[in-house]
Amino acid sequence: MLEKFSKWKSSLTPTKTDGELELDPAAVPRHVAIIMDGNGRWAKQKGLPRIAGHREGMKVVNKIVRRANELGVEVLTLYAFSTENWKRPKTEVDYLMKLPERFLGMELPKLMEENVKVRLMGSLDHLPEHTLRAVNKAVYETKDNTGLILNFALNYGSRFEMVEAMKEIALKVEKGELKPSDIDDKVIESNLMTADLKDPDLLIRTSGEIRLSNFMLWQVAYSEFWFTDVLWPDFNEEHFTEAISIYQKRARRFGGV
């Protein structure tokens with residue numbers, strides 16, 4: 001059984017170069033979500049502090065945003081910081097909280113030029129003022145852009161999101177705005193942080209881990225999953241294209257036949 005699983009997992013790892021792949025422009029996933037994992041391990045392998053991995057990982061975001069935009073992806077959701085990441089050492093958390101400011105400070109002019117719209121999902125609680133200021137500036141300045149939506153999941157946790165959605169629905173029931181019998185999947189979706197976004201068609205996770213880690217648990221119910229052993233700082237445009245190429249070879253039945 002373990003041998004079969006190992007073969008299955010290895011088949012998901014990129015093997016072709018970007019130039020060898022032929023994508024169908026009409027079948028590019030509209031929404032791609034990525035769990036950017038492996039920064040710390042990348043740094044450890046090179047004898048560097050963990051923050052060095054996060055710094056390299058930030059550079060990868062530039063490449064993948066550009067490639068996604070080129071391919072016609074409509075939404076790119078990046079898991080930047082989870083509600084559980086606060087448990088990490090304070091020095092690492094402090095550095096991670098500076099990354100949005102550094103990334104957006106450098107990349108905002110390019111994002112504007114490429115018509116990218118920045119969006120944020122997650123809890124604003126506990127986020128430092130400098131982080132909020134940088135993100136809010138990017139969201140405001142790109143609000144009229146009509147290209148790729150770059151959706152940062154920052155201080156985000158899917159269970160927290162669903163609990164908050166249930167509270168909102170319960171409040172509407174309490175006020176008489178909604179009957180319990182009215183509650184269905186559409187009502188729940190409309191109270192999630194992604195209410196205005198299509199569910200992800202493709203979920204990518206780097207670093208070899210095969211779990212969702214409290215990421216978009218409701219939204220990825222029928223997403224295609226693609227896992228790779230490549231650590232996030234080593235992830236590149238070719239790996240991203242490979243993931244989409246594999247996605248295009250899959251038959252999405254959504255529970256049908």
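**Exercise 1.** Sort the residues lining the largest cavity into nonpolar, polar and charged.

*Solution.* Start with the lining itself: Asn62, Val65, Arg66, Phe103, Glu107, Lys110 and Leu111. This is a predicted model, where local features need pLDDT of at least 70 and side-chain atom pairs pLDDT 80 or more, while totals for chains, interfaces and linings use all residues. Residues are numbered from 1 along each chain as its sequence is written, and side-chain values use heavy atoms, without hydrogens and water.

Next, apply the classes: Ala, Val, Leu, Ile, Met, Phe, Trp, Tyr, Cys and Pro are nonpolar, Asp, Glu, Lys and Arg charged, and the others, Gly among them, polar. The lining then splits into 3 nonpolar, 1 polar and 3 charged residues.

**Exercise 2.** Describe how α4 and α5 are arranged.

*Solution.* First, find α4 at residues 90–113 and α5 at residues 129–141. Their axes (lines fitted to C-alpha atoms over the stretch in contact, with angles from 0 to 180 degrees between N-to-C directions) come within 8 Å and cross at roughly 20°. Therefore α4 is roughly parallel to α5 (angles under 35 degrees count as such).

Now check the residues that meet (heavy atoms within 4.5 Å): among them are Met97 and Leu104 in α4, and Ala134 and Val135 in α5. By class, this contact has 8 nonpolar, 2 polar and 4 charged residues.

Terms used
Helices (H or I, at least four residues) and strands (E, at least two) are DSSP runs, numbered from the N terminus. Angles under 35 degrees count as roughly parallel, over 145 as roughly antiparallel, 65 to 115 as roughly perpendicular and the rest as oblique. On a 1 Å grid over the protein atoms alone, a cavity is a set of points where a 1.4 Å probe fits but cannot get out, and a pocket is an open set with protein on both sides within 12 Å along at least five of seven lines; lining residues have an atom within 4 Å of a point.
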